[in-house]
Amino acid sequence: MPRLTRRAFATGLPLGLVGGSLLGGGLLGGGLLGGGLIGGGLAPALAATKDPAATPTAPVSVTPLSQICIGRFTVTALTDGYADMPYDYFPGRTPAEVEQAATAQFTARPSGVRFLFNQYLIEDGERRILIDAGPAGSIGQTGALPQALEAIGLQRDQIDAVIVTHMHQDHMGGLIVGGRNNYPNAEVYIDRRDVTHWTDPAKQSAAPDYLQTSFRMAGEVVALYPKLQAIDGEREIVRGVSIVDLTGHTPGHIGVRIEDGGQSLIMVSDMIFPVVHPQATDVFFLFEQDRVAAKAMRDRFFPRAAAEGALIAATHMPFPGLGRVVDDRGQMRWQVADWALQD
Ligand SMILES: [Zn+2]
């Protein structure tokens, strides 16, 4: 089992990310504290504060992060932020069905399903490899990844490699936000099928509006990262860090497997979406062009992951996005990997 470091959970979200919602009307305000779980406990204690010097302050301004060890690797889950995905972005189910499922899982918001954008940093003491770079403000309440890296003492120029799991804007925006090469010392790894697809003018002109940002960003990534390495098929990036072919969501959608000392973690990116997966595979995300291929990959992956008890990291699952697919009497479901059960 993976081992967790002591530096595991820093809680609280950056002020810019949360705005007033978490304290004001969100988790604490009307929910958990107000009338919910700990209504009779913590809330009166806070309300009884009289000393102005002890006025409750804003939440500590750090981004959430979580660290686990996979053999000699330290893997840090970071997040660029979140956004609400409209209920009609899930072909295969009606908006009402998606909203009902999201409500049942307490991830429903008025404008859609709340989605995380998680990234993962892999360190082996020599190299720092980042998986994905986040939407960087191009979607929802995002752009916190640089701050999250700073929270563990890192600047973007200290990242040696970035593996981009596919060329959707929410996975590569941070590479080129501001029109700059934001990871100047990083080799960038992207599957060649995605590089080819997303830089093809014919594909771009035939694509719907909601994919145009990704096409534009792909062009910028290619222009700004001369060290871009288009990768062909499954291969090792460094010893113990391998590319896994998970084509379907996009032509060159890949995962990253981290393995050492009998422990492993597979980062599956958009193989699994919150609320709808892994319970079903006949439900999709709007941005998926090839639904037949996406379904085929999930039909193969979910049962195998359940049989193997694979520890999974996923971009859009609730932070830190670590869990397993489990077969619960014939029904697939997501089981959060409890931080305290990692050793
Ligand atoms: Zn995504």
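Which residues of α7 are buried? They are Q169, D170, H171, M172, G173, G174, L175 and I176. The model described here is predicted. The protein contains eleven helices and 17 strands, and buried residues make up 43% of its 343 residues. Of the contacts with a separation of 6 or more, 69% are between residues 24 or more positions apart.

**Helix α7**

- Helix α7 covers residues 169-176, and eight of its eight residues are buried, so the helix is largely enclosed by the rest of the structure.
- The cover over the buried residues of α7 includes the strands β3, β5, β8 (161-163) and β9 (187-191).
- Helices are also part of that cover, among them α6 (145-151) and α10 (212-224).
- Just after α7 comes G178, with a positive phi of about 80 degrees.

**Helix α5**

- Helix α5 spans residues 95-104, and its buried residues are V98, E99, A101 and A102.
- Viewed down the helix axis, the buried residues of α5 fall within an arc of 165 degrees, so they line one face of the helix.
- On the face of α5 turned away from the buried side are the exposed residues A96 and A104.
- Elements covering the buried residues of α5 include β4 (108-109) and β5 (112-123).
- F106 follows α5 and has a positive phi, near 60 degrees.

**Strands β2 and β3**

- Strand β2 runs over residues 66-70 and is mostly covered, with four of its five residues buried.
- Strand β3 (residues 73-85) pairs with β2 in the antiparallel sense, and five bridges connect the two.
- One of the bridge pairs is made by I70 and its partner F73 in β3.
- β2 and β3 form a hairpin that has two residues between the strands.
- In this hairpin, G71 has a positive phi near 55 degrees.

**Residue F73**

- F73, which lies in strand β3, has 22 other C-beta atoms within 10 Å; a residue counts as buried at 20 or more, so F73 is buried.
- Leaving aside residues up to four places away in sequence, F73 touches I122, E123, D124, G240, I258 and D260.
- F73 and G261 are 188 residues apart along the chain, and their C-alpha atoms are separated by 9.7 Å.

- Strand β11 (residues 236-238) and strand β12 (residues 241-245) run antiparallel and are joined by two bridges.
- Across this pairing, E236 stands opposite S242 in β12.
- The two strands β11 and β12 make a hairpin with two residues between them.
- G240, in the turn of that hairpin, has a positive phi of about 95 degrees, and G240 is also among the residues that F73 touches.
- β12 also runs antiparallel to strand β13 (residues 254-260), and five bridges join these two strands.

Terms used. Residues numbered from 1 in each chain as written. Predicted model: local features only at pLDDT ≥ 70, side-chain atom pairs only at ≥ 80, totals over all residues. Buried ≥ 20, exposed ≤ 12 C-beta atoms within 10 Å, placed from the backbone. Arc of directions from axis to C-beta. Contact = placed C-beta atoms within 7 Å. Pairing = 2+ DSSP bridges.
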